[in-house]
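Student: I would like a close look at one part of this model, namely the charged pairs between side chains. Please take your time over it.

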Amino acid sequence: MPIRVLGVDPGLTRCGLGVVDVEGNRRATLVAVGVAGTVAGTALDARLLAISEAIELWLDTHTPDVLAVERVFSQLNVSTVMGTAQASGVVIAAAARRGIPVALHTPTEVKAAVTGSGSANKEAVGRMVTKILRLDEMPRPADAADALALAITHAWRRGALGPGQASTAGSASSGGGPVQGGLTAAQRLWAEAEAKAKRARR
């Protein structure tokens with residue numbers, strides 16, 4: 001049975017939202033994609049309210065099984081970190097009210113999962129998302145493509161590592177590379193990136 005994931009690339013100006021359905025063989029299908037947010041200079045309470053209303057609507061409309069949210073990184077400037085964290089909190093709280101689980105993924109993990117390289121740029125991520133989802137055009141802006149990449153990453157991780165989700169050698173990998181030992185090349189890189197991130201947080 002497919003898993004439905006809502007990916008969220010949090011931000012006050014642009015909060016990327018992307019919903020995908022992913023089957024057990026990792027075939028991913030676009031359900032919806034978009035961006036919520038406000039213009040710079042808007043009062044903080046109004047900005048957070050706009051994001052809250054948008055995520056509530058997306059959760060009610062698309063009823064995802066799980067949310068995948070980008071983990072906030074401290075190397076960004078303080079104002080950016082604060083805004084991203086505030087937007088993330090609104091999104092996570094909305095999911096919690098509905099009993100929907102939330103997973104956090106680092107940018108490096110996401111890049112490795114969809115492109116095979118943890119140092120890929122946004123353009124490369126967008127191109128691979130377009131290929132994986134079999135789209136005619138790359139999702140724009142980049143925040144929307146990043147949200148879809150988050151959703152794909154979480155679903156692929158669940159498919160690779162979750163109970164009862166064994167991979168089938170030789171099956172289509174939706175752009176992730178040949179399957180070896182139950183993982184695509186991209187998923188192996190993702191696992192390595194996740195392990196590296198965990199070690200860095202210790």
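Student: Which side chain meets that of R140 in a salt bridge?

Tutor: The model is a predicted one, in which local features need pLDDT of at least 70 and side-chain atom pairs count only at pLDDT 80 or more, while totals for chains, interfaces and linings use all residues. Residues are numbered from 1 along each chain as its sequence is written, and side-chain values use heavy atoms, with hydrogens and water left out.

The partner of R140 is E123, and the N to O distance in this salt bridge is 4.0 Å; the term stands for a side-chain nitrogen of Lys or Arg within 4 Å of a carboxyl oxygen of Asp or Glu. R140 sits in the loop between helix 4 and helix 5, whereas E123 belongs to helix 4, and the pair links distant parts of the chain, 17 residues apart. Helices here are DSSP runs of H or I with at least four residues, strands are runs of E with at least two, and both are numbered from the N terminus. With a relative accessible area of 58%, R140 counts as exposed, while E123, at 35%, counts as partly exposed; buried means under 20%, exposed over 50%, and partly exposed in between, for a 1.4 Å probe and protein chains only.

Elsewhere, R98 forms a salt bridge with E56, and their closest N and O atoms are 2.3 Å apart. R98 is in the loop between helix 2 (78-97) and strand 5 (102-105), and E56 is in helix 1 (residues 44-62), so the two residues tie together parts that lie 42 residues apart in sequence. R98 is partly exposed, with a relative accessible area of 30%, and E56 is buried, with a value of 19%. These two residues also belong to a network of salt bridges that links E56, D60, R97 and R98.
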